[in-house]
Amino acid sequence: RNLMIRELKAEPPQPFVLAKDGTCQVRFDCGATKGEAFATNDFFRILAAVTGGPRSCAAATPPPNAIVLRIDPALGPRDAFRVDSPDAKTLMVRASNSRSVVFAMDAVWEALGCRWFWPGQDGEYLPAPTKDLALPAGFVRAESTPFALRNLKGPINAASMVFFAHQRLNPLTVPRGCDYGTTTCWGGHSFGHIFPQDCKTIKEYHAKHPGQFALMNGIRVANQHCYTNPDTIRTFQDWICRFWEEHPDIEYLKLTPLDCPNRCHCADCAKTDESTAFWTFLSEIVKPAQEKYPHGKYCTYAYMFYRPVPQCPVDPGMLVQYCLYNRCYKHDLGDDDDTKNLAAIAEFDAWTEVLGHAPDVYGYHFDCWGGTVPYTLPIEGIL
């Protein structure tokens with residue numbers, strides 16, 4: 001009977017109050033990563049816009065409620081978070097990494113009505129102005145992703161990186177001083193920047209070690225490498241190990257030949273097709289670094305002479321970006337009447353079978369023409 005009386009007298013759960021009478025009611029308890037800094041600054045920015053209050057919680061008396069941000073790698077190796085309000089005074093945010101802290105706080109704002117439709121301020125939708133703002137009692141949000149990368153092609157700038165974060169995206173981008181909204185990557189057609197320790201430019205590398213470059217019409221050319229020369233393999237292996245030693249903060253290293261169709265015609269390279277020669281070389285050059293620097297991740301293109309599926313195993317740790325330039329953008333990709341698109345689908349399916357999953361797609365209709373929609377899309381398709 002006493003237990004029943006106590007339960008009847010218990011107060012109902014209370015909401016977690018963010019603002020009251022236009023005054024901020026929360027303070028942050030968090031670390032100093034860039035993701036946490038962005039999440040807190042963005043919180044006060046949006047709160048001020050909605051309530052009309054100041055853009056910080058600076059006050060003589062600390063606000064009564066706390067948002068606690070904690071980075072917890074135990075949530076998993078990929079982006080994940082959990083937000084819950086154990087009581088009316090605390091909102092607990094646990095995230096697997098600094099990037100996921102931003103995702104978690106965006107989930108809080110989405111519960112209150114915020115939306116982000118495109119990069120920039122005019123793409124941001126905020127709730128109607130109000131002096132009082134609160135999360136419902138027992139608020140809980142939890143998300144995780146099965147995808148290591150969630151990519152969207154388009155212009156890369158400060159506004160787009162914020163937009164990526166709001167959309168829980170993390171495309172591969174070069175380091176830009178932030179660890180939210182993107183996944184740090186160095187490289188591209190990076191083979192033109194890989195040298196032995198005694199060289200500083202590809203011109204010097206070619207002059208000192210011509211045998212490591214592609215043989216074309218009897219001449220060693222500087223715009224492609226010989227993929228069967230053991231010395232070339234050692235040069236690349238040593239450089240990759242030095243890269244991870246000097247850049248432990250980078251997540252992905254992109255290893256791709258120079259953007260040139262030349263390939264080596266030496267006797268050893270001629271023993272196999274050019275795609276197989278390249279993918280065999282790629283597997284060999286990362287082996288020492290995979291043992292010494294297991295945190296490092298790798299990606300590359302399936303492009304030009306190395307776009308066809310090779311006749312050798314592909315390193316399972318290699319992220320492959322299939323370059324879809326071999327299609328017709330005037331027809332739907334699945335158009336049965338377009339033989340070019342059917343061939344592209346068949347090759348893509350072959351890559352899916354070899355990798356055990358679909359490769360990433362480098363979409364030229366979004367990237368090389370600088371637009372964000374297919375440039376051949378008819379106007380009625382947009383409307």
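User: Which residues in α2 meet α3?
Analyst: From α2, Lys34, Gly35, Glu36, Phe38, Ala39, Asp42, Phe43, Ile46 and Leu47 meet Ser98, Val101, Val102, Met105, Asp106 and Trp109 in α3. Contact here means heavy atoms within 4.5 Å. Helices are DSSP runs of H or I with at least four residues, strands are E runs of at least two, and both are numbered from the N terminus.

User: And what's the contact made of, by class?
Analyst: Nine nonpolar, two polar and four charged residues. Ala, Val, Leu, Ile, Met, Phe, Trp, Tyr, Cys and Pro count as nonpolar, Asp, Glu, Lys and Arg as charged, and the others, Gly among them, as polar.

User: What's the source of the model, and which cut-offs go with it?
Analyst: It's a predicted model, where local features need pLDDT of at least 70, side-chain atom pairs count only at pLDDT 80 or more, and totals for chains, interfaces and linings use all residues. Residues are numbered from 1 along each chain as its sequence is written, and side-chain values use heavy atoms, with hydrogens and water left out.

User: Back to the helices: what's the angle between α2 and α3?
Analyst: About 20°, with the axes of α2 (residues 34-51) and α3 (residues 98-111) 7 Å apart. The axes are lines fitted to C-alpha atoms, for helices over the stretch in contact, and angles run from 0 to 180 degrees between N-to-C directions. So α2 and α3 are roughly parallel to each other; that label covers angles under 35 degrees, with over 145 roughly antiparallel, 65 to 115 roughly perpendicular and the rest oblique.

User: OK, sheets. In what order do the strands of the open sheet come?
Analyst: The five strands go β3-β4-β6-β5-β10, with mixed pairing. Two strands pair if DSSP finds at least two bridges between them. At the edges are β3 (26-29) and β10 (140-144), each pairing on one side only. Neighbouring strands are turned by 15° against each other on average, direction ignored.

User: How many bridges do β3 and β4 share?
Analyst: Four, in the parallel sense, with β4 covering residues 65-71. Phe28 has Ile67 in β4 as its bridge partner, and Arg27 has Ala66.

User: And what joins β4 to β6?
Analyst: Six bridges, and those two strands also run parallel. Arg70 has Arg94 in β6 as its bridge partner.

User: Is β4 mostly enclosed or open?
Analyst: Largely enclosed by the rest of the structure, because five of its seven residues are buried. Buried means under 20% relative accessible area, exposed over 50%, and partly exposed in between (1.4 Å probe, protein chains only).

User: Where does α3 lie on the sheet?
Analyst: α3 lies across β3, β4, β5 (80-87), β6 (90-95) and β10, at about 55° to β5.

User: Switching topic: what's phi at Asp21?
Analyst: Near 55°, a positive value in a residue other than glycine. Asp21 sits in the loop between β1 (16-20) and β2 (23-24), and counts as exposed at 60% relative accessibility.

User: What about Met304, buried or exposed?
Analyst: Buried, with a relative accessible area of 16%. Its phi is positive too, near 50°, and Met304 is in the loop between β16 (297-302) and β17 (318-323).
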